[in-house]
Structure formats: C-alpha cells, structure tokens
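Let me put the structure up and then walk you through a few spots.

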Amino acid sequence: MAILHLYLLGFPRLERENEALPALPAKATALLAYLALTRTPQARDRLLALLWAESAEEAARKNLRNTLWTLRKTVGEDVIGADNNRLLLRDDVWVDVTAFEQMVMQPILPAVNPNLELYGGPFLDGLALTEAPEFELWAVTQRERLKGLYVDLLNRLVEFRRMEQNWSAVIALAQQALLQDPLQETMYSALMDAYTRSGDRAEALRQYDLLKATLNSELGVEPLPETENLRQSILSGELRASTTMPAVVIPREERHAATTTADGAKQAPFIGRTQQLAALTAELDSARRGTARIVLLVGEMGIGKTRLWREWTAGLPDDYLALEARFLESTQALPFAPLRDLFSSRVCAQRLFSAQTPLSTVWLSEIARLFPELRVTFPNLPTPVALPADEERRRLLEAFTQGLLGLEAKPLILFFDDMQWADRATLDWFDYLIHRLRDQPLLLAGAYRPNEATQPLSHLLSSWLREGIAQRLALEPLSEAESWTLAQSISDDRARQERAVTLSAGNPHFLIALSHAETANVPPTLVELTSAHLNRLPEMARQVLQAAAVLEPDFKFPTLVRVSGRSEDETLDALDSLLSADILTEREDNYSFNHPLIPTVVRNTMSAARSAVLHRRAAQALESEYADRLPQIAARLADYYERAGNPIQAASYADMAADHARSLIALPEAESFFRLALQLEPTPLRHIKLGNVLFMQNNLSGARAEFTSALVMAEQQSDMRVTLDAMLSMADTYVPTGQADEIDRWLVRAANLLEAESDPQLQARAHFLAGVSAIAHQRPLREAELHLAEVNRLTRENNLKQMAGRAMFEVGNLMAERGDLKQAVAAYREAVAWAQAVGDSFQEALGYNNAAYHTLLLGDLEQAKQDVTAGLDLAQAAGLRVPLQYLYSTRGEIALAETQPDDAEKWFRQGLEEAEHGGNLRQLANYQANLALAARQRGDLDAALTRLLSARDQVASVAAPHLQTQINLWLTELYMQRGEMAHAREALAAADSTLAESDRQRLKVWADRLRHELMAVKQ
C-alpha cells in the first residue's frame, strides 16, 4: 500500500499518492494528530480523558469506537494498530511535523537551503475542540513549540546568511520571521544591516521606524541601545554597502605562536576578541566600585564563549575569586542544579563548609536542603522552620546568597555556562541575587546560545538589559583575517588552511577541528568531524571516554574506574590521552568535558547494549557514593536506570526527584518528574500525585484526567482505598469552582466505599466535602456545621493537622454566611496558622484571601491590604494559580473601596484570565459582576448594566445561589441609581426568592436595607 502522508502544519489534511483523502471529523483529526506526535502506544483511557472528558464513560467509549471506525475507513484498516488496550500509529506513516523536526535539527551548511515549506502554518490550524479542554491545551502547547522551532530556524538561517553576506536572503528570511513574531528586535536589526549593505539606506532606516512604532504600541518600550547605535551608524555613514573582500594571507612571521600539548601536537592560540576582553575588564571595574554588573556572552555553539571567559580570567590577579558552574540539558528540570557545582568547589568547601564557617546555623540548615551531606559535618543543624511558602522560598534564595557573601571576595566573580539550559528555580535566584547585592562588588557572567534560549531566560535577560544592569557581548564569527591567522597557527598545509577557513564560516571550534582533520573525505558537519576525531583515539581511551560521557557533567577518578570497568592503571593511561587531546579538563579532583558537543557525540554513537551497561554501572556507582543523600541526585539516577532498561527503578527515583522538587517549592519541575514516573511505570497513586500538582497549578482539567486514570486503574486492581482516594480527589477539584452538584455526585459514588473504610483521613475528607457542598447549595447551615464538627473530631483524635486547616477555613465560610464576620475572620486566621504549621501553601493562600475579603467587609482597609498582599506574594512565589483567581478579585474590591476603579479593573482582568485558564464558570460570572462594579464607580452605568446582566445569565448555568443573590442585589442598587424602580423591584424580588428559606443573614440584611430604600422612594 502507498505511504500515507499526514499534514498537520497548517490546515490538517491527508494524502496518498499525491491525492487528497476525504476530510475527517474534528475528533478523528485530533486523535490522529495525538498519535502522530506521541509516537508511543496510548492507553484508551488516556484518549478518553483527552477527547471525551465531559462524556459519561460508556458514551465516551462508544465515541472512541466510532471515531476509530471512521479513521480506518478513511486511511486504511492497518494504519492504527491496537495492542493490549493501547493504540499506536503505524511507523511508516509520513508526518510533516516529524519531517519538520528532523529538518530543524540539521546543521546549516553553505549553499544548502532547508525546505521551509515544510512549515505549512500553525499546528492544526482551524481545528478547535472547546469541549475537550485538555486536548486544546496540548494542541496550543504543540502549536507554540513548533512555531518556536520555525522562528529559531529562521533566526539561525539569518545569522548564517549574514556570515555569507547573502543580503537578499537575510532580508527574505528576516521578513518571514517577523510574520511569525513581529516583536523580534534582532530581526529588525538584521534587516537594517542587510538593507544598508545592499545599498538601500532609506529602507534600513524605515525598518527602525517600524520597530519603534511596534514596540511602543505593543509593549510601551523603546528599542534596545544596540539597535539605536546601529541606526546612528547608518545615519553617520559608518555602516555602508558591502564590497567583496579578497582572501587574506598572513605572512609567516606575523602568525601567532601556538603552544603545544603534552604529546607535542599544536594547540590553537586565542585569536581576536579584543573588544570583548576590554568590555569584560570595564564591567569588572564597575563592579569593583560597588555596583553589581551582569555580562552576557552570546553566540552559537563553538564560537568561543567559554574560551573567551577562560582567557580573560587567566589574566586576573591571583587574589581575585572567580567561580564557575555549568547548566546541562539533562538537568533542565532539576531545581538549582548548577548551584551544587558552584558550592561544591574546593574554595567553598574550605571557606564555607568547614568547622570555621562564617555562616550561621540558620543559613547552613537552609543550604542543607540542597546539600544534605552538610549534616554529617554539622550534626546539630536545626530543621528549617516551617514558614509561608513565599517566605520559605525567599529564605532559601537568601541562604545561597549568604553563602556567596561568606566567601568575602571583593570582587566576587561568577560564571555560568550554557544558560540556555537553565532551570526556572536558578533563574529566580539569579534575579534575587543581582537585586539583593546591587550595591556589592559582584560580576555575574553567563554564556548562552540565543537560538536555544527558553522563554523564562529570555524574559529575565530582557528585564536586566532594560534596567541597564547588564551588557550583552555578542561573539560574531572570526573575520577572514582572524580565521587565516588561526588556521596558519595550527597547520602548515596550505590546502588544509584554505579548507578550514572556507568551511568553518568563522566558527573557531569548527575551524580548529577542520585544521586537524585529514584532507581526504572531510566530514561536512561539526558533529561528524568530532566523531571522526574521537575515532582516532586509542581503543582504551575510547572506552573510558564512553564512561565519562555517561557520567557527565563531571566525575571523580574512582567513579570513572568503576563505570568504565578498566583497572586504575588503564584508566590513568586513558585519562592522560584524553587530557592531552584537549577532550577533558582536570579541576581539583574532578574531570569535565571541554566542549558539550563531545559527550553528546559519544553517547549517540554507542551501541544500545554498551549504553545500557554503562548507565547501569553509573547508577550503581552514584547510589553508593550518595547513599546518604539520594534525593539530590534522584533525577540523574532516574535517567540512568531508564537508559539501562530498568523502568521500575527509574520510576522510583523519578518519584523521589518530584518530591525533592516540591520540597524546594518548584511545582513545574515536580510535575515533570511525576510525568516521567508515570511514563515509566503507571500506578494509580502516581496519577493522584500528578493530579495534585496540576490542581495546585490551576490545571483542573488536567488534574481530573489524572484522577480519572487513577480511578480506572485502582478499580481494575481492586484497590478500594486508592479508588476512594481518587473519587475524593475528583470531588476536590470542584471545590474552587463551586460546582456543588459535582461534589455531591462524587460523594454518592464514594458512599459505599466510605462505609467500609475506616481510615480517618479519608473519612475527614468526605465530611469536609459534604460541608462545602451544603454551604454552596445554600442548604441549612446546621447541616454544614454537623459535617465540619465531625471533621474537627477526626482531626483532633488522629492528629490530622493538614485537614484541620481546611476544616477551619470552611468554618470561617460558615460564620460568614451567618453574618458573624468577626468570628469568620478569626477562623480564617486560625486556618492560616494551621496551614503554616504543615507547610500547606495552597490552603494558606486561600486563608489569607478570605481573611482579607471579610476584613474589608468589616471596614479595616489597611489590614485587608496586608492580608491580600501576603496571599498574593505566597501564591505567585509558589506558582499556585487556583488561589490567584480569588486573590485578584479581593485585591480589586479593595481598590474599589479606595475609589480607584481603573486599578480595580486591572486586578479583575488578571483574575478573569486565571478563571478562564481554570475553566471556573462561577468565577467568570463573578468577574463580570466585578467589572460591572468598576464601570459603575466610573459613572458608566450602561456598561455596568450590560456586564451585570451578562453575569446574571452566566451564573444561571452553574449552581451558585450565593453569587446569584449577590448579582440580583447589585442589579437592584444599579437600577435604583438609574431611576428604573420597576426593574429594581423585580431584581430584589428575584433575590428574595432565593433568600426566602435561607439562613444567610448577611445577604438578608443587605436585601432588607434595599427594600427600605425602595419603599422610601415610593413614598
């Protein structure tokens, strides 16, 4: 059968033998796309949760069967295979996304143009499945990822064509890049440069005007200083149209002298970079005067960022302290990964972690979160005090900062390599550090590849540049003269020199490798050239090198001996060869690679069997070395065991890494590791753990999908306790959205299991949920009170501290409904105290919010602001998006109390975005009402009425009688303000109808007041 072609970039379509196949229904297209991109067998239950989460189970399964029938009828019976209740797309289906991803991974070569038409447009353009929110989230993520790859490819092509001086190609590519993202300042700069060098100075200056207008309208900012400098260069005539430069031959007597390695081979000298060296020295001078400065070394792989730094630091005075650390692609998800390298250096060990340490036990105990081995040296370190999550986070960041201050280095010089792989937690520390020590002699330097920079890194660097505390030093390719100088210093062979200069395009690392390569059959890429170079090593050295590549980023000699399987003498001989070949470098008692490409090439060329053996040995060696502090290397062990073919052990360490990330308040990293554990060994408890992390990040649909998977799996395994846990967890996801009917539905499903279950924790959770439902449904408050009293009994008798905080929070809601606001606030503050005691940041943030709201109702505006600010700081620092939905609302209502409607609207719109993200229909209606109140305060009564009526329509679709009553009372006030008394009475009557059988005293008092005012108007 002819190969099926699946096009997902742009409008999705199918072809076979260049003929279009019939269009598929939306769900069938979505299913096909998901199988095409995952390329791994997908459980049917996972697909049900993804595409039919809102359908009943039997209906969802029927829909899946029908969809598969439609697909197989259209594309063929054997295109989608089924194995052990899992579905998989056949390997030989051609998918444009796969071809596109393979293309963007290829190096860019002279005179070779990548097929840009593979990117036919946004992923699944025009396909929308609003009833499948998790699929929509996945599709949006893929869409942004693929668009980012396309933009990165265009950026790389622009830079390469600039090196070739192909200005027409630069212009075309930069314009394509701006169509994808019109805020790329670097592309405008490329156009300005290209038009100028093409002789079109007017168009170059017009590009600057377009950039300035775009930045002003979209972001309200000015172009960067370097762009302004480029414009001035064009205006002054310093930058002119290009002319072709002849080949440069440097006389022998003027060549730079080359040093030699231990085996007599010539080592490349350091060429050029005088401006960058001078800039580094100038920044250091600024830092020495007591101003923290940042230097960013920017350039492609092999351009010489690390070499520049090493050459510059080699010339520093002996009493200056320069510390280095490096990020790795493999540890991107591990919080604070490079700080282990930084603080593990000998100077830190001697000055900070010896008996004469200048650090107090308070800071040492915090640092011990990342370095638990410190408790061996300092056995009496106290356990860190449980604090609010934001304060706990700041305290950890401050501890690392205090560690640097304890070095007493003036100036202190820090260098972090490969920042494109920086984890989010370390980026947060960078920003904290630079502002905390802004008046200290600190120079922070970082090297990164701009085309691989993550969005968080780009955002942080942009903020530093705009603040004026950072300087960006771009390392351009060597000039032709510099390239000839470097080539002639390495080789006397004229043909080899010319080949190296021509093919390297000014990339020093590539040029050096080409200069050492044999003349015949030169590999066309740097990867292949590196591989050929490594193949010339002695066999023993190659074996030890393979072990080293597995152990990357660094390793000690005993570990290398154990993993390589060679004797000590053999390993020493191999190390000498690798050091002489400039592949490894030795620093104190550690070894590391000189270039990140080398270990990648080594790992990729190993046989599967050898890779598995070496990864197993590495895992066992590190387990022994770190036996007393496994959590800090759990992520590496998970990776090692996965590559060794032991998924069960790998999943166990992924769990440990996730728990470690949560202890460092790094929720995205915890989510990543839980997902890995599930991928390796699915269990219902792991689904529940992942669901809890997603819930804390306001990904309610994702959390529900995980709890559903846990429920299905637990029922299949007849694990009734975990089944009950999953049901109650599912009910919990409807508490923030106030969907009491859903809470009740899950409690009914759990009823039989609850009768047979004696676990007090589960019983307390069930009574808590019943109490929440009773309040939300506006049933008699006595019913809620009885459930909460039972929760309190269970928590007291069984020491359930975390449940105690949740129960006390709901007691506050009960008191508020009765109109006893002082007792309500007291209960919320007690809930906050409980949450702090157990480190429950989520519940603590909610407690601050409700305390703030009801304190505002009591008229204490300043205390309300303090409470809501504490809650906002906590939720934002810990990434807790569910509480933010409510905190933004409360903060906006405080602004209304201060008669600042514009400020209030800003807060309400932030909250509206969070509510939309979480699909919280009740809160969406609440924000429509909030925005109406802001419009009313501004005097725009028409807009206020429109929004309140919209909110009333929205709330009618959800079970939220309290909010429904509030909206009718606000409408009553608004109609009275507009003089529309008949409508006011109608709205009040609607409020009275929901309050008739209610014991909600606060709302009744409000309604009574409005009734008297209406009667007064009538008289």
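What you see is a predicted model, where local features need pLDDT of at least 70, side-chain atom pairs count only at pLDDT 80 or more, and totals for chains, interfaces and linings use all residues. Residues are numbered from 1 along each chain as its sequence is written, and side-chain values use heavy atoms, with hydrogens and water left out.

S189 sits in helix α7, residues 185-197. Helices here are DSSP runs of H or I with at least four residues, strands are runs of E with at least two, and both are numbered from the N terminus. Leaving out residues up to four places away in sequence, S189 touches T227 and L230, where contact means heavy atoms within 4.5 Å.

Next, strand β13, residues 442-448. Seven of its seven residues are buried. L442, L444, G446 and Y448 point one way, L443, A445 and A447 point the other. Who are the neighbours of β13? Strand β10, residues 293-298, runs parallel to β13 and is joined to it by six bridges, with I294 partnering L444. Strand β12, residues 412-417, also pairs with β13 in the parallel sense, over five bridges, and there L412 stands opposite L442. For pairing, DSSP has to find at least two bridges between two strands.

Now the open sheet: three strands in the order β4-β6-β5, with antiparallel pairing. The edge strands are β4 (42-43) and β5 (80-83), each pairing on one side only. Between β5 and β6 (residues 86-89) there are four bridges, and A82 has L87 as its bridge partner in β6.

Last stop, two helices: α2, residues 44-51, and α3, residues 57-75. They pack at an angle of about 100°, with axes 10 Å apart; the axes are lines fitted to C-alpha atoms, for helices over the stretch in contact, and angles run from 0 to 180 degrees between N-to-C directions. That makes α2 and α3 roughly perpendicular, the label for 65 to 115 degrees. On the α2 side we have R44, D45 and L48, meeting A60, R61, L64 and L68 in α3.

Definitions and conventions: Buried < 20%, exposed > 50% of the residue type's maximum accessible area, 1.4 Å probe, protein only. Parallel < 35°, antiparallel > 145°, perpendicular 65-115°, else oblique.
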